[in-house]
Every structure is written in C-alpha cells, then in structure tokens.
Amino acid sequence: MNIARAARHVRLRLVIPVLAAAIAALVIPLSQVASAHTTTRAAASGVPKPTIVLEHGAWANTASWAAVIQRLQADGYTVYAPPNPLQGLPYDSAFLADFLHSIPGPIVLVGRSYGGAVITNGATGDSQVKALVYVDAFAPDQNQTLAQLLASVPGSCAAPQNLTVVPFPGAPAGVGDAYITQSVFPSCMANGLPAKQAQVLAADQAPIATIALTQPSGVPAWKTIPSWAVVGTADHAIPPALQLAMAENAHAHITEVNAPHLAMISDPGVVTSVILQAARATT
C-alpha cells in the first residue's frame, strides 16, 4: 500500500506541472484577446473629449462658472476658466489666444457677456477650437463695437447712468474702470436670484476698462467655427432681441431660457447641456 501511494504521489507531481502549463497556455491567449477587444473598443470611441475653456465677462469673475464646472467635470471633461483681464478687446483676445495655444487637442470655447466678444476674436484662425458657445453674450461682427450694438436695441441697464467709473494707474486719457453701481446690480444683472446672493455678486464684481466698449471687433471666429448660443429671455443687460440677432447672424444653434444675465448661475444645468451639445458635435 505504501508503495502504491508513493507511486500515485509521483504521478501527481508529474501531472500537476503539465496541467499548469496547459492552463497557462489557454489563459495567456484569452487575456490577449480581452486586451485586443479593449483596444478595439477604445479605438471605436473616437477622438478624446475636447477641453472646455470658459471665459467670463465684465462685472463677473472665474468663480461665476463654479456650478457649470462641477457638472462638466462630473461628466469627465477637463475644464479651464482662465481670468479675463477686462482691459480692452485686443488685449483680452490676445491673452485668451495665448492661453488656448497652451492646451493640446480639441477645444470647446465658451464666452459669457463681454467674454463672447473676446472668444469671437481670440479664436479666429485657431484650428484647435472646434466649437464656440455664447452665454448671454456678445457675438459681434467685424468692425462692430459693443457700444454700437447696445445702442442698436434699447433697454440695456448697462447704461452710463448705472456705471461707477474709477481711475486706474496707467490708464489712457479718458479711460477708467467701470463697475455696475452696487445698488443697481441686483435688478440689472441678477434679477431672479436671491437678494443676498445678488448683493455678494455686486460686491465682488470685476470692472471692465471703458475703452473695451468702443474698440471695433475683428474677423469673427464664428465665420469658420460652429457656434451655439444660450439666450436669457429675462436678461436686462444685453437685451434678448440683441442676443438673438447676433446669434442668428452667427448661424448659432440657439437655446432660450428664462434667465437673467447670469444664466450660468441661475440655470447652470441648461448652460451645461448646451456646452455638452457643442462638445459632442466635435467628436
């Protein structure tokens, strides 16, 4: 019996390595097949998601995009919200263009209010920018100024009597930093938002150099780049009729929402949805 058991142990020691080798021979090709399928699925998914760049406008700052950024990041997008210097259209557009050149791959460029004029100029000739999104924004044509556009449709609360203009060092003669007067800000910019939130936004607004209102716009990027537009129908700063006229002139895909001039704060879900439409159209 001892001899028989010893013989069986010997046979098992011989058989187990052979079985292990056979199993390994099966497992390795299967893992390679699984890897090949994964690679095929990745290749079939198309180009990488575009980077989203958000350009704020006058009387706001980068924090105004917070709720939109959270939603875009949750959907897997890389997002940047660079500061807008608000020093004038040529300077601000060049500042944005330099920032865009630091980003690899496709870009969806979003501009709100005055930021719309900046993306219109900053993206011109940039082949990486695949879509433009205007949020309660200016989308000027060549040689138009913001002052001319606002004068073309009456009703804007961003009128001289509602501005507080202060000097700044090195300013050209006759140029100052313009704020929306704090007592006017809630009804002008933040109508529909809670009063306390509107008061905070009035206090931390970023001013714009008055020269930006009279500088002519250049060749618009929307002539060659597809565009989308969110139009706030309760906007008191850029009249909705003006927004619609500019968006139609740019052949933009238009979404209207019952929102003030701060749609990215009052209705971040709608704004995010339109940005995602533009992003998905690039792939």
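Q: Which residues of helix H7 (residues 195-203) are called buried, and what makes them so?
A: In this predicted model, the buried residues of H7 are Ala 198, Leu 201 and Ala 202. The word applies because a buried residue has under 20% relative accessible area.

Q: What do the buried residues of H7 pack against?
A: Their packing partners are helix H6 (185-189) and helix H9 (263-266).

Q: Why is strand S3 (residues 107-112) described as largely enclosed by the rest of the structure?
A: Six of the six residues of S3 are buried, so the strand is largely enclosed by the rest of the structure.

Q: Which residues of S3 point one way, and which the other way?
A: Ile 107, Leu 109 and Gly 111 point one way from S3, whereas Val 108, Val 110 and Arg 112 point the other way; all are buried. In a regular strand, side chains alternate between the two faces of the sheet.

Q: What makes strand S1 (residues 51-55) and S3 a pair?
A: Pairing requires at least two bridges between two strands. S1 and S3 have five bridges, in the parallel sense, and the bridge partner of Glu 55 in S3 is Gly 111.

Q: How do you know that S3 and strand S4 (residues 129-135) pair?
A: The requirement is again at least two bridges, and S3 and S4 are joined over six bridges in the parallel sense. Val 108 stands opposite Ala 131 in S4. S3, helix H4 (residues 114-122) and S4 also make a right-handed β-α-β unit.

Q: What makes strand S8 (residues 227-232) and strand S9 (residues 253-257) a pair, and in which sense?
A: They pair in the parallel sense over five bridges, where at least two are needed. Ala 229 stands opposite Ile 254 in S9. From S8 the chain crosses through helix H8 (residues 240-249) to S9, and this β-α-β crossover is right-handed.

Q: Which residues touch the most other members of the largest nonpolar core?
A: Of its 80 residues, Ile 52, Tyr 114 and Leu 132 touch the most other members.

Q: What does Tyr 114 touch, and what makes this a contact?
A: Leaving aside residues up to four places away in sequence, Tyr 114 touches residues including Gly 57, Asn 84, Leu 86, Asp 92, Phe 138 and Ile 208. These count as contacts because heavy atoms lie within 4.5 Å.

Terms used. Residues numbered from 1 in each chain as written. Predicted model: local features only at pLDDT ≥ 70, side-chain atom pairs only at ≥ 80, totals over all residues. Heavy atoms only, no water. Core = buried A, V, L, I, M, F, W, Y, C linked by side-chain atoms within 4.5 Å. Buried < 20%, exposed > 50% of the residue type's maximum accessible area, 1.4 Å probe, protein only. Helix = DSSP H or I, 4+ residues; strand = E, 2+ residues; numbered from the N terminus. Right-handed = clockwise from strand over helix to strand, strands pointing away.
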